[in-house]
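Have the viewer open as you read.

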Amino acid sequence: MFAIDATMSRQPTWDLACGLQAEMFKAIPPESALDVQLLYFRGFGECRNSKWVRDANALSRLMTGIECRGGHTQIRKVFSHAKAEHGKQRLNAVVYIGDAIEEDVDMLAQRAGELGLLKCPLFLFQEGSDQRVEAAFRDFARLTKGAYARFDSNAPAQLADLLKAVAAFASGGRTLLGQQKSASAKALLEQLR
């Protein structure tokens, strides 16, 4: 699952993510497959998910049809949706990209812990340097045996490497992640041990 904060503060990075999401699929061996569901929130209580797709072009079409809108974070809905989807079919990874938290962190930690009990790892990628957000994202990753990373929207290759690394993990576990040569892949792998 690929979840993104599409509130107005994320507009520049949303455009970046639209261009880079295809990178996820490049990390997958031809004999493997990666199904991805896009989940985004924006505006006043709007949180939507796509159907599951298997190729970069389909995901790109979904993302380019979305505009960022002002609103508060809805991370609780992301975690709840991930839990519901995991109940239908196992999710190997949930990627969340965001820059803020405007919800009760303890409640979110509880939801993350529930995902952890289900063995559903969260990969949380933070834009910016808000220390409160970093502490929370790191805790959510710890609770789910996932990983955390910060990225700079001015360094698109960094986000591309992170997305490739998670795609490799989702389709082939630690083994395929270990075959990735980027510094981002190595940093994520270290957290997963």
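## Starting at Gln158

Gln158 is partly exposed, with a relative accessible area of 28%. On the scale used here, buried means under 20% relative accessible area, exposed means over 50%, and partly exposed is in between (1.4 Å probe, protein chains only). Keep in mind that this is a predicted model, where local features need pLDDT of at least 70 and side-chain atom pairs count only at pLDDT 80 or more, while totals for chains, interfaces and linings use all residues. Residues are numbered from 1 along each chain as its sequence is written, and side-chain values use heavy atoms, with hydrogens and water left out.

You'll find Gln158 in helix 7 (residues 156-178). Helices (H or I, at least four residues) and strands (E, at least two) are DSSP runs, numbered from the N terminus. Leaving aside residues up to four places away in sequence, Gln158 touches Arg150, Phe151, Asp152 and Ser184; contact means heavy atoms within 4.5 Å. Gln131 sits 27 residues from Gln158 along the chain, and their C-alpha atoms are separated by 20 Å.

Six of them form an open sheet in the order 3-2-1-4-5-6, and the pairing is mixed. Two strands pair if DSSP finds at least two bridges between them. Strand 3 (46-53) and strand 6 (147-151) are at the edges with a single partner strand each, so one side of each has no neighbour in the sheet. From one strand to the next, the twist averages 15°.

Strand 4 (residues 94-98) pairs with strand 5 in the parallel sense, over five bridges. Within that pairing, look for Ile97, which stands opposite Phe125 in strand 5.

## Helices on the sheet

Helix 4 packs on the sheet and touches strand 1, strand 2 (36-42), strand 3, strand 4 and strand 5; its direction makes about 155° with that of strand 2. For these angles, axes are lines fitted to C-alpha atoms, for helices over the stretch in contact, and values run from 0 to 180 degrees between N-to-C directions.

Helix 6 (residues 131-144) lies across strand 4, strand 5 and strand 6. Against strand 5, helix 6 runs at about 170°.

## Salt bridges

How many salt bridges does a search of the whole structure find? The search turns up ten, each being a side-chain nitrogen of Lys or Arg within 4 Å of a carboxyl oxygen of Asp or Glu. One of them joins Glu127 to Arg10, with the closest N and O atoms 2.9 Å apart. That pair links distant parts of the chain: Glu127 is in strand 5 (residues 122-127), while Arg10 is in the loop between strand 1 (2-5) and helix 1 (11-20), 117 residues apart. Glu127 is buried at 13% relative accessible area, and Arg10 also counts as buried, at 1% relative accessibility.

Glu85 and Lys88 make another salt bridge, the closest N and O atoms being 3.2 Å apart. Because they are three residues apart in helix 4 (residues 75-88), Glu85 and Lys88 are separated by about one helical turn. Glu85 is buried, at 7% relative accessible area, whereas Lys88 counts as exposed at 64%. Elsewhere, salt bridges that share partners join Arg42, Glu46, Arg48 and Arg69 into one network. Within it, Glu46 bridges to Arg42 with the closest N and O atoms 2.9 Å apart, and both Glu46 and Arg42 are buried.

## Aromatic pairs

The whole-structure search also finds five aromatic pairs. Rings of Phe, Tyr and Trp (its six-membered ring) pair if their centres lie within 6.5 Å; planes under 30 degrees apart count as stacked, over 60 as edge-to-face, and the rest as tilted. Phe123 and Phe169 form a tilted pair, 5.3 Å centre to centre with 55° between the planes. Phe123 lies in strand 5 and Phe169 in helix 7, so this pair ties together parts that are 46 residues apart in sequence. Phe123 counts as buried at 0% relative accessibility, and Phe169 counts as buried at 14%.

Phe137 and Phe140 form a tilted pair too, at 6.4 Å centre to centre and 40° between the planes. Both lie in helix 6, three residues apart, about one turn of the helix, and both Phe137 and Phe140 are buried. Ring pairs also link Phe41, Phe79, Tyr96, Phe137 and Phe140 into a cluster.
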